[in-house]
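Please look over the sequence and the model below.

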Protein chains: 2
Amino acid sequence: MQMTRPLKVKGKPVGAGKEPLVCAPLVGRDEATIGGELATIMAKAPDLLEWRVDFFTGIAEPARVLSMAREIRARAAAAPIIFTCRSAREGGQAIAISEEQVLDVYATVCRAGCVDFIDWELSSGTTRFAQALTLARETDTQLIGSFHDFNATPAAAQILAKLEAMQAAGADVAKVAVMPRELKDVLALLEATLEARQRLTVPLITMAMGPFGSLSRMFGWVFGSTVSFAVGQKASAPGQVPIEDLRLVLDVLHRALAPRQ
Amino acid sequence: MQMTRPLKVKGKPVGAGKEPLVCAPLVGRDEATIGGELATIMAKAPDLLEWRVDFFTGIAEPARVLSMAREIRARAAAAPIIFTCRSAREGGQAIAISEEQVLDVYATVCRAGCVDFIDWELSSGTTRFAQALTLARETDTQLIGSFHDFNATPAAAQILAKLEAMQAAGADVAKVAVMPRELKDVLALLEATLEARQRLTVPLITMAMGPFGSLSRMFGWVFGSTVSFAVGQKASAPGQVPIEDLRLVLDVLHRALAPRQ
């Protein structure tokens, strides 16, 4: 039973079509820390890596970013890499460079062929989003359009509208992360994901954050979310569960959802 | 974080307040089979047992039922026992005795002190439901009012109305089981459970059945369902997962929901 739309890199489904894809974040502050994270994380064989470059103290130095990106690429084996500078506006770290400079950093790593996906926020505005899209197209990189709300959960219809706006803006993948204030919000996120699976054509990545939201990190793929972020060494957002725990739950779910249940 | 209302037997919370309580069904056709089930199931230490007496070929013979009930009681150790004759109307086995005779069977086991809970369907009608309630009160047994739909899932508001009707009719516990036709139905069941947790005062037992419904058996307790039925030896309804699998998932959920996440 196929619940999610596959991510593809160079025409081939990531993780050979496994559901969901498990993505481990890299959140180290410097080269040594990220090197250590890579050692721990790669031993757990994630399907994807996300380098959260907003945590990296070298973000203002293109040469350091590029050198680190090359090392990550070399050590990531077959795992595709998502390159993400999460803005402080959407829950990322405060950084010293402008959004325009961030786009230059993206261009550097994309042109060097170090990453497979770039994450760009819809809230950056139409012009900047279009620039990120152009960069992605020029460098054969895929664009994940994203939206994060660390304070609350919009109504299901609004979450759906965000996902639709991302596809309409040209994103190859549409991502939404929200913070549930009550359990009902987790249901709203799942409902929006289910509806988006029917209405959209791009792969979806959705999650609720925090303790309640951890449910969606485990079960959200059944409703259509292609990727679940899980902790390899250190979490990048609240509610991420350890890769080992996620896999225990996924094994049980796969058995329970098998047709001959 | 307390997500469910506890079941209590003689004033003490079943399973010392564990969430959810894991209930293993006994569905054997005869004494030997049920004896074998007990051996297998008790090794897995469920929090509750449910004897589905509609599966028992001796149901028309009160002496056989009583003798079997005594054996189950003796071998159940500290696990409370739910006594249930599920009607064919609500997904149970076809049996040769009338509903009035079934009530006599209930009276026999309740008066002998062999069971802690009896399950009675709201659909049996007001008069019969009131008789079951009187029996429960007279014998210090608790009444689980129940409703099952093996074909579909009513809207969340209707599920809530069923649960409210059970409490209004005097049930000590309100139970609803539905069959999802699509994933959205699982969300409706969870939404109704969440709402009922706020509105009602009795403990709730809710679940969606079948492969999709298995999700609710694993995480429905977070939304307020006190009991999850899981397979000790053989399932009594579609979508039940093995006790071992359920516990793997519960361990992960408990860690993920812990306050210091």
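What follows is a short tour of the interface, a helix pair and the salt bridges.

The model is predicted.

**The interface**

Start where the chains meet. On chain A, 30 residues are in contact with 30 residues of chain B. The size of an interface is often given as the accessible area lost when the parts come together. Here chain A and chain B bury about 2,800 Å² between them. Carbon and sulfur atoms account for 79% of that area.

The rule finds 2 salt bridges between chain A and chain B. In one of them, Asp245(A) pairs with Arg255(B), and the closest N and O atoms are 2.6 Å apart.

Which helices of chain A each supply at least two residues of the side that touches chain B? They are α6 (183–199), α7 (210–219) and α8 (243–257). By class, that side of chain A has 20 nonpolar, 4 polar and 6 charged residues.

**A helix pair in each chain**

Two packed helices are described by the angle between their axes and the distance between the axes.

| Helix pair | Axis distance | Crossing angle |
|---|---|---|
| α3(A) (residues 99–111) and α4(A) (residues 126–138) | within 10 Å | roughly 10° |
| α3(B) (residues 99–111) and α4(B) (residues 126–138) | within 10 Å | roughly 10° |

Angles under 35 degrees count as roughly parallel. Therefore α3(A) and α4(A) are roughly parallel to each other. In chain B, α3(B) is likewise roughly parallel to α4(B).

Now the residues. In chain A, α3(A) brings Glu99(A), Glu100(A), Leu103(A), Tyr106(A), Ala107(A), Cys110(A) and Arg111(A) to the contact. From α4(A) come Arg128(A), Gln131(A), Ala132(A), Leu135(A) and Glu138(A). This contact divides into 6 nonpolar, 1 polar and 5 charged residues.

In chain B, the residues of α3(B) that meet α4(B) include Leu103(B), Tyr106(B) and Cys110(B). Among their partners in α4(B) are Ala132(B) and Leu135(B). The contact of α3(B) with α4(B) has 6 nonpolar, 1 polar and 5 charged residues.

**Salt bridges**

Side chains of opposite charge can pair when their charged atoms come close. Over all chains, the count comes to 34 salt bridges. One of these joins Asp47(B) and Lys18(B), at 2.6 Å from N to O. This pair links distant parts of the chain, 29 residues apart. Asp47(B) lies in the loop between α1 (31–42) and β4 (48–52) of chain B. Lys18(B) lies in the loop between β2 (12–13) and β3 (21–26) of chain B.

Definitions and conventions: Residues are numbered from 1 along each chain as its sequence is written. Chains are lettered from A and ligands numbered from 1 in the order in which they are written. This is a predicted model: local features need pLDDT of at least 70, side-chain atom pairs count only at pLDDT 80 or more; totals for chains, interfaces and linings use all residues. Side-chain values use heavy atoms; hydrogens and water are left out. Axes are lines fitted to C-alpha atoms, for helices over the stretch in contact, and angles run from 0 to 180 degrees between N-to-C directions. Helices (H or I, at least four residues) and strands (E, at least two) are DSSP runs, numbered from the N terminus. Angles under 35 degrees count as roughly parallel, over 145 as roughly antiparallel, 65 to 115 as roughly perpendicular and the rest as oblique. Contact means heavy atoms within 4.5 Å. Ala, Val, Leu, Ile, Met, Phe, Trp, Tyr, Cys and Pro count as nonpolar, Asp, Glu, Lys and Arg as charged, and the others, Gly among them, as polar. Buried area is the accessible area (1.4 Å probe) that two parts lose on being put together, summed over both. A salt bridge is a side-chain nitrogen of Lys or Arg within 4 Å of a carboxyl oxygen of Asp or Glu.
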